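Here is a short report on one structure. It moves from overall dimensions to a sheet and then to a helix pair.

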Amino acid sequence: MRDTLIRATPRRVRQETSRPQLIRAAVVTVLLLFTLFALPQILSLYYIDTMTQVAVYSMVTLALGVLAGRVGLVSLGQVAVLAIGAWVAARLLFETTQPYPLILVEAGLITMAAGVLIGLPALRLRGLYLALITLMFAGAITVVLATVNFPNGGHGFTGYNGSLVHIPPVRRPSIASSDPAYFRYSVIVAILMFLLVLAHIKTRPGRAWAAIRQSEPAALAAGINTWLYKLWAFALASFITGVAGGVLAGAVHYLYSIDFPTQDSITLLAVTLMGGVYSMWGAVVAALLYQFLPALLNNWGVSADWLIILFGLGVLQVLTTAPAGLADQVPKDLARLGRLLRGRLRRPAPGSTE
Amino acid sequence: MIEVTGLTVRYGGVTSLDNMSLTFEQGTCGLIGPNGAGKTTFFNVLSGFVRPATGTVRAFGVDLLSMAHFRRARWGVRRTFQTEQAIEELSVFDNVAMVHEHSKLGAAARKKDVLDAIEFTGLAAVSPGAKVRTLTAGQRRLVEVARAVVGRPRLVLLDEPAAGLPEQETSHLADVIRGIPEHTGALAILVDHDMSLVSACCATTAVLDFGRLIASGPTAAVLRNDDVIRAYLGVA
């Protein structure tokens, strides 16, 4: 028995860059170039603004995907984290003249610190209980924001002045003050965040997360500090969401606490699951569902409230038939359809003359 | 060498280990007893998943209980689990290499060590790049064993590694388990209900019943012990 098992010496351990990988890289490049250069040309301003929101929320769903898909942690407080990022960025943008990228990083780091503070006690919990705690946190932040308000160019710690008549907009970077330019700017920031996550997934944290998600005992038994890596994931997700908040602040110019309702965290998790939490494409699909679809419906004069029902059905569909989400299911189904059609063409239906 | 004195573990009102003391010297040692006797709890204490109410554990002169669980694993306390815990979506290589994530070895030395461990368990016919989800139950067990023996372990805890395996794979596993002390220099402790496996692997064996040590010594003598027969083995 042992002889038959030992026989061969180990073959390749790591795969070299293969053809599918090259094709994937090419597809990504073409899509990005199209998004950056062609989209702003062909879309109306309405849809350019929408796509800016898609870029912003793709970062949020990316962060949610890291937590849910990579580590197996469910957060229902992501909208509150986004709000913190937006608040911090708006405050810094009004108060200082620092360059925009620096402010985005600062907003990310401060939001990360807040996320870690929440995470420290919360990470002792899992599953439903962690979800509950994060939801409560989101609720608390909403209440605080409703009282404190978003900065509107006032002074003091909160930066809010209720008696201002002419409220100045949150500024944008000078190189990206127009809507199409800011759209490109948002996409580039989103790309950087996707690369940041990719760098994590492909290296030690990614392997540790995979181990933790699949078997925390095994991870511990291999000497992985599971607590540290879970906190790390929480920190990374908070950082990315904080940066997204910073981009959002410039995108909308004026921030109001009612734009960050607690229940949106739940919808966000739903679309993230629908898009797919195991691939980064899922985050893009989720953001399109979350921001582009409602804009489309609005444009057609259909109430976007229908989407809540649609998302409910969508999550049910995904959880029962495609755990890896639409980002995994749709290409597979299309490939299957393609094979089916090709098969039909090659082999004429019985009874036809040849 | 591992010395355990006065170990007590309680889960609420249930006492799982009751003032247990025992010593394992070297080689592969057996730990047997009926279900609920406290064998897995003992492993959980050693690997740091469970904090005992009282007692001390010294392994090779080191106070184990003062170390955090992941540090114990890095120091050399390794284990397999009753329900196999090989990570499906990672490759065989990455499953084993997990242990080296925090080691100070260079990349080449790590790779060699990981491949050595895989070969030691007799898994070399499987490509190290193969995902664990493509392996059979027996091969997954071996991946777990490889993860437990890679990177100079000091203490290898095997929790029912042969559960559910066909006879042929069990006999291969026995060869592997017997080889662990020589291959790694570690003390191995085997928990199993398969007495032929325990007899084949372990020179000495300890028996737990209701959280207490009821016998220990050379395996053959322990298996003939009247108390052990009454509490666990039953009359043939």
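## Terms and numbering

Two strands pair if DSSP finds at least two bridges between them. Helices (H or I, at least four residues) and strands (E, at least two) are DSSP runs, numbered from the N terminus.

This is a predicted model: local features need pLDDT of at least 70, side-chain atom pairs count only at pLDDT 80 or more, and totals for chains, interfaces and linings use all residues. Residues are numbered from 1 along each chain as its sequence is written, while chains are lettered from A and ligands numbered from 1 in the order in which they are written.

## Chain B overall

Chain B has nine helices and 10 strands. Its C-alpha trace spans about 50 × 40 × 30 Å along the principal axes. The radius of gyration, taken over C-alpha atoms, is compared with a globule rule of 2.2 Å times the number of residues to the power 0.38. For 236 residues a compact globule would come near 18 Å, so the 17 Å of chain B agrees.

Of the 236 residues of chain B, 52% are buried. Buried means that 20 or more other C-beta atoms, placed from the backbone, lie within 10 Å of the residue's own.

## The six-stranded sheet

Six strands of chain B form an open, mixed sheet in the order 6-7-8-3-9-10. Strand 6 (77-79) and strand 10 (212-218) of chain B are the edges; each has a single partner strand, so one side of each lacks a neighbour in the sheet.

Strand 9 (residues 204-209) of chain B pairs antiparallel with strand 10 of chain B over six bridges. There, Asp209(B) stands opposite Arg212(B) in strand 10 of chain B. Strand 6 and strand 7 of chain B pair in the parallel sense over three bridges, and Arg79(B) has Leu157(B) in strand 7 of chain B as its bridge partner. Strand 7 of chain B also runs parallel to strand 8 of chain B, with five bridges. Leu158(B) has Leu190(B) in strand 8 of chain B as its bridge partner.

## Strand 7 of chain B

How many of the five residues of strand 7 of chain B are buried? Five of the five are, so the strand is largely enclosed by the rest of the structure. Leu155(B), Leu157(B) and Asp159(B) are buried on one side, Val156(B) and Leu158(B) on the other.

## A helix pair in chain A

Helix 3 (residues 45-71) and helix 11 (residues 263-275) of chain A have axes that come within 10 Å and cross at roughly 75 degrees. Axes are lines fitted to C-alpha atoms, for helices over the stretch in contact, with angles from 0 to 180 degrees between N-to-C directions. The two helices of chain A are therefore roughly perpendicular, a term for 65 to 115 degrees.

Definitions and conventions. A residue is buried if 20 or more other C-beta atoms lie within 10 Å of its own, exposed if 12 or fewer, and partly exposed in between; C-beta atoms are placed from the backbone. Angles under 35 degrees count as roughly parallel, over 145 as roughly antiparallel, 65 to 115 as roughly perpendicular and the rest as oblique.
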